[in-house]
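Biologist: I would like to learn how to read helix packing and a sheet in a model like this one. Could we start with the helices?

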Amino acid sequence: MSEPELRPKAEKLDATDELAGLRAQFVLDDAVYLDGNSLGALPRSVPGRVEDVVRRQWGSLRIRSWDESGWWTAPERIGDRIAPLVGAAPGQIVVGDSTSVNVFKAVVGAVRLAAEKGDGRDEVLVDATTFPTDGYIAASAARLTGCTLRPVTPEEVPGALSGRTAAVLLNHVDYRTGRLHDLPSLTAATHAVGAVAIWDLCHSAGALPVGLDEHGVDLAVGCTYKYLNGGPGSPAYLYVREDLQPRFDSPLPGWNSHADPFGMTPDYTPAPGALRGRVGTPDILSMLALEAALEVWDDVSIESVRTKSLALTDFFLECVESYVPEGAVESVTPTAHPERGSQVALRCTDAGNVMRRLIDRGVIGDFREPDVLRFGFTPLYVGFGDVERAARVLGEMF
């Protein structure tokens, strides 16, 4: 399809987009922002909320805000706001710390859960294609728990599982390629050998349905600054399935996760429920900025977001095929919808320089070594006109 045909098609798609009105809730400019898979755009509700937290809650109420402004209950309250976006019932997600810290809690906690079987499980499987930090943390957790770490690709997991497997840590979406892995079947395969399934949702939460409860996931972690738009460094979260909570033994017991945090006793008694995933004092400023950011999700279904995400990425691939000279780029993102997240990764020669030139032209994506251009599609604020323009400018790079 030629340029004169693609532009009207984009306009028609934008005119029928039921999520188009949400764009006005974000601070955006004339650039095409396709990097929400690294850092989401700023929701307009956040600056005023942060000012209130700083000036009134902290500035005027000071220590009283732990009670009067709800600071103390923020980790679980905000966790309950995230829960519907990942298919979890209330009371199973606690917000706080970084993704890395929560991965550590989850892996060690999973090995301890598996050890209750008393059958000598001593191996942790980790996604060989994972974001590097997950691998680093998993390796350290394995050493600390006396386990062997075994890197395998998600496709290799079913064949690698055995009676030795204590836990499996996988990414729901590959951060490089945008490949969506089969969470239901891989979780079921993990459970079939009696192991604990842990999922990293950093590149899927807020972009597509996850179904944590529906598929019986044991533990999950995720960040909030990508598709959830919580801001740079916003706190991560930990999901602990409800029936596992009484047995979840966090390797980082802090005063904030004590059953009687102000008792200041020398002996540790974990709080009930997901609260035992807390550690230290919550990072209130960034946490309440996240809470404000999550308001854009009011009355938005994750299913409608997924529908638009697939339409956006389909249209982008169509536009790339029309605008970019044949052979200049190669998509490494699966074309099949069940295997695609909410990004498109294109391999090309001199990708770093190409991305710099794209950014100079107002198309913001990112570059991953050695030769991948990444474009993330956040359905809450990316439109089909953005997609057409991005592909058209990309074509002009060659």
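Modeller: Begin with who touches whom, bearing in mind that this is a predicted model. From helix 10, the residues Lys 308, Ala 311, Leu 312, Phe 315, Phe 316, Cys 319, Val 320 and Tyr 323 meet a set in helix 12, namely Phe 384, Val 387, Glu 388, Ala 390, Ala 391, Arg 392, Leu 394 and Gly 395.

Biologist: How many residues of the contact of helix 10 with helix 12 are nonpolar, polar or charged?

Modeller: That contact has 12 nonpolar residues, 1 polar and 3 charged.

Biologist: At what angle do helix 10 and helix 12 pack, and how far apart are their axes?

Modeller: Helix 10 (residues 302-323) and helix 12 (residues 384-395) pack at about 30°, and their axes are 9 Å apart. Angles under 35 degrees count as roughly parallel, so helix 10 is roughly parallel to helix 12. The crossing of helix 10 past helix 12 is right-handed.

Biologist: Now the sheet. What is the order of its strands?

Modeller: The order is 11-12-15-14, in an open sheet of 4 strands with antiparallel pairing.

Biologist: Why is one side of strand 11 and of strand 14 left without a neighbour in the sheet?

Modeller: Strand 11 (329-331) and strand 14 (366-368) are at the edges, so each has a single partner strand. On average, neighbouring strands here are turned by 35° against each other, direction ignored.

Biologist: How many bridges join strand 11 to strand 12?

Modeller: Strand 11 and strand 12 (residues 343-348) run antiparallel and are joined by 3 bridges. Glu 330 stands opposite Arg 347 of strand 12.

Biologist: Which strands does helix 11 lie across?

Modeller: Helix 11 (residues 351-360) lies across strand 12, strand 14 and strand 15 (372-376), and runs at about 40° to strand 15.

Key
Residues numbered from 1 in each chain as written. Predicted model: local features only at pLDDT ≥ 70, side-chain atom pairs only at ≥ 80, totals over all residues. Heavy atoms only, no water. Pairing = 2+ DSSP bridges. Helix = DSSP H or I, 4+ residues; strand = E, 2+ residues; numbered from the N terminus. Axes fitted to C-alpha atoms, helices over the stretch in contact; angles between N-to-C directions. Contact = heavy atoms within 4.5 Å. Parallel < 35°, antiparallel > 145°, perpendicular 65-115°, else oblique. Left-handed = near helix turned anticlockwise from the far one by under 90°. Nonpolar A, V, L, I, M, F, W, Y, C, P; charged D, E, K, R; others polar.
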